[in-house]
Amino acid sequence: MSQHSSSTREIPKVAAVPNHVAIIMDGNGRWARKRFLPRVAGHKRGVETVREIIRACIHRGISYLTLFAFSSENWRRPADEVSFLMQLFLRALEEEIARLHENRIRFRAIGDLSRFDHRLVDLIHRAEALTAGHTRLTLTVAANYGGRWDILQAMNRLAQARPERAGQVSEDDLAPYLALSYAPEPDLFIRTGGEQRISNFLLWQLAYTELHFTDLLWPEFDANALDVAIASYQRRERRFGRTSEQLSGLPQAGGEA
Ligand code: IPE
Ligand code: IPE
Ligand code: MG
């Protein structure tokens with residue numbers, strides 16, 4: 001059993017400040033191109049935005065921040081850009097590991113790490129172990145992550161562990177095997193860079209997440225832009241399948257789920 005409930009099975013508690021924010025950090029390449037810089041300069045600048053957004057999330061009382069850093073499809077990029085990104089992850093994590101710990105941030109990585117350099121994998125495991133006891137903010141970095149990969153790896157691990165469930169798998173059976181099983185489902189999804197698509201991010205977990213798209217490129221995104229996203233989230237009516245009348249407490253036929 002997963003420690004967090006499923007939005008399709010139970011109506012979650014909704015708070016004014018989203019408890020879990022998931023972000024597709026897009027637009028680094030275009031940010032650099034606009035400045036006649038190589039694409040990778042945008043990735044470098046994007047790391048600074050990550051630092052600012054982590055700080056802002058802590059100040060706003062957000063408990064979970066999940067960042068899409070590298071998709072399972074990003075291997076299709078030119079080899080030199082991919083290797084730059086790997087070096088950048090390695091360096092950024094080396095530099096930040098102590099600060100994450102000091103700031104009581106729990107670090108987690110999700111995705112298929114088997115294709116990564118062993119130095120990066122070791123560092124990820126060290127950061128996870130060092131910060132495992134913290135609860136102030138859980139920072140998850142999705143690296144070589146894909147939503148379809150996640151569902152399939154969960155199904156495959158479940159099938160191995162509990163073959164007797166074949167043909168009758170339930171959400172509760174699957175939940176503990178999904179990569180983000182330690183976190184509640186995201187309340188707010190943000191994508192920078194102007195595209196309005198999911199790009200194979202958290203397909204399962206975004207079932208009832210509120211979606212916010214901004215044209216700001218990731219290096220331009222900042223604490224103010226996060227507040228704009230949160231304000232937009234606060235204007236939404238999260239119905240989880242119910243009617244608006246049910247939410248405003250008007251007389252209703254039929255029972256509450
Ligand atoms: C997002 O920025 C970062 C990664 C996918 C690693 P992009 O590199 O996709 O930037 P654009 O979309 O080309 O501007
Ligand atoms: C999504 O951005 C993945 C990450 C931000 C890590 P992409 O730039 O790869 O997405 P597409 O290709 O435009 O859909
Ligand atoms: Mg992009």
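**Entry 1: ligand 1, polar contacts**

I began with Arg77, where a polar side-chain atom lies 2.7 Å from an oxygen atom of ligand 1. I count a polar contact as a pair of N or O atoms within 3.5 Å; within protein, one must be able to donate a hydrogen and the other to accept it, and residues adjacent in sequence count only if both atoms are side-chain atoms. I then looked up the backbone. A polar backbone atom of Asn28 is 3.1 Å from an oxygen atom of ligand 1, and for a polar backbone atom of Gly27 the value is 3.3 Å. Taken alone, ligand 1 exposes 380 Å², and the protein buries 87% of that. Accessible areas come from the Shrake-Rupley method with a 1.4 Å probe, and for residues only the protein chains shown count as cover.

**Entry 2: ground rules**

I note that this is a predicted model, in which local features need pLDDT of at least 70 and side-chain atom pairs count only at pLDDT 80 or more, while totals for chains, interfaces and linings use all residues. Residues are numbered from 1 along each chain as its sequence is written, chains are lettered from A and ligands numbered from 1 in the order in which they are written, and side-chain values use heavy atoms, with hydrogens and water left out.

**Entry 3: the shell around ligand 1**

Which residues surround ligand 1? I listed Met25, Asp26, Gly27, Asn28, Gly29, Arg30, Arg39, His43, Ala69, Asn74, Arg77 and Leu85. A residue is near a molecule or strand if one of its heavy atoms lies within 4 Å of it. By class, the shell around ligand 1 divides into three nonpolar, five polar and four charged residues. For these classes, Ala, Val, Leu, Ile, Met, Phe, Trp, Tyr, Cys and Pro count as nonpolar, Asp, Glu, Lys and Arg as charged, and the others, Gly among them, as polar.

Next I looked up which elements contribute. Helix H1 (28-34) gives the most to the shell around ligand 1, with three residues. Helix H2 (39-60) is also among the elements that give two or more residues. Helices (H or I, at least four residues) and strands (E, at least two) are DSSP runs, numbered from the N terminus.

**Entry 4: ligand 2**

Around ligand 2 I found Ile24, Met25, Asp26, Phe68, Ala69, Phe70, Ser71, Asn74, Arg77, Arg191, Arg197 and Ser199. Strand S2 (residues 64-71) supplies the largest share of this shell, four residues. The classes here are five nonpolar, three polar and four charged.

A polar side-chain atom of Ser199 lies 2.6 Å from an oxygen atom of ligand 2. An N or O atom in the side chain of Asn74 is 2.9 Å from an oxygen atom of ligand 2, and one in the side chain of Asp26 is 3.1 Å from an oxygen atom of ligand 2. Taken alone, ligand 2 exposes 390 Å², of which the protein buries 78%.

**Entry 5: positive phi**

Most residues other than glycine have a negative phi. Asn144 is not a glycine, yet has a positive phi of about 50 degrees. Asn144 lies in strand S4 (residues 137-145). Is Asn144 buried or exposed? Asn144 is buried, because its relative accessible area is 4% (buried means under 20% relative accessible area, exposed over 50%, partly exposed in between, with a 1.4 Å probe and protein chains only).

Phi of Arg104 is near 55 degrees, also positive in a residue other than glycine. Arg104 lies in the loop between H3 and strand S3 (105-110). With a relative accessible area of 46%, Arg104 is partly exposed.

Where is Leu226 found? I located Leu226 in helix H7. Leu226 has 0% relative accessibility, so it counts as buried.

I placed Met86 in helix H3 (residues 79-102). Met86 counts as buried because its relative accessibility is 15%. The C-alpha atoms of Met86 and Ala143 are separated by 9.9 Å, and the two residues are 57 residues apart along the chain.

Last, I looked up Arg235, in the loop between helix H7 (223-234) and helix H8 (244-247). Arg235 counts as exposed because its relative accessibility is 65%. Arg235 and Ala16 are 219 residues apart in sequence and 9.6 Å apart in space, C-alpha to C-alpha.
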